[in-house]
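Hi everyone, thanks for making time this morning.

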Amino acid sequence: MSARPVLVVLNGPNLNLLGEREPEIYGSQTLADVEALCRARCEELGWELDFRQTNHEGVLIDAIQEVRRSCTGLVLNAAGWTHTSVAIRDALAAVVAPVIEVHISDVHAREEFRRHSYISDVADEVIVGRGVQGYVDAVDAVVRHRS
């Protein structure tokens, strides 16, 4: 019997504070709510979900490297590291499955420093400004990019 496909959703710094931190920008839903949305969509697809969050850049890089060959798709909200981390970008370049970059807010309508992403050039698609629904849209983007 073959294993079910595994979607990996990785979240960077401060996303553990989702629902508390700057709700006027990020909304009132929590990271647990985001996980529940992703889990429900993965269940509809018959996929497993591996959902993680870290405030430590090296831990995120280790997670990317761990799943680079085994995941069905990778959804990443690198948060502040999007704009600063060449190391995360380089780790993503080794992922063989579709990589979808997601941001809850519209980073292009915010501070100038948020308008540059080190990740976008290695992502198969970028989803911004759709709130937490953007994560579900990212799961669907993985499906599109796999076909």
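So, in which strand is the place of Glu101? Glu101 sits in strand β4, which covers residues 99-103. Please keep in mind that we are looking at a predicted model.

What I like about Glu101 is its setting. Glu101 is buried, and yet it has no salt bridge. The nearest side chain of opposite charge belongs to Arg89, and that is 10 Å away.

Another is the side chain of His103, at 2.7 Å. Beyond its sequence neighbours, Glu101 also touches a set of residues including Leu76, Thr82, Ile119, Ala123 and Val126.

That brings me to His103, which lies in strand β4 too. An unreviewed UniProt entry places the feature "active site" at Tyr26 and His103. The two span 78 residues in sequence, but no two of their C-alpha atoms are more than 9.5 Å apart, so they gather at one spot.

Are these two buried or exposed? Tyr26, in helix α1 (residues 23-26), is buried, with a relative accessible area of 13%. His103 is buried as well, at 5%.

Finally, the surroundings of His103: leaving aside neighbours within four places in sequence, it is in contact with Asn77, Thr82, Ile127, Val128, Gly129 and Arg130. Thr82 and Ile127 are also among the residues that Glu101 touches.

Notes:
Residues numbered from 1 in each chain as written. Predicted model: local features only at pLDDT ≥ 70, side-chain atom pairs only at ≥ 80, totals over all residues. Heavy atoms only, no water. Helix = DSSP H or I, 4+ residues; strand = E, 2+ residues; numbered from the N terminus. Buried < 20%, exposed > 50% of the residue type's maximum accessible area, 1.4 Å probe, protein only. Lys, Arg positive; Asp, Glu negative; His and termini not counted. Salt bridge = Lys/Arg side-chain N within 4 Å of Asp/Glu carboxyl O. Contact = heavy atoms within 4.5 Å. UniProt positions renumbered as here; feature names shortened; annotations may be inferred. Polar contact = N/O pair within 3.5 Å; in protein donor to acceptor, adjacent residues only side chain to side chain.
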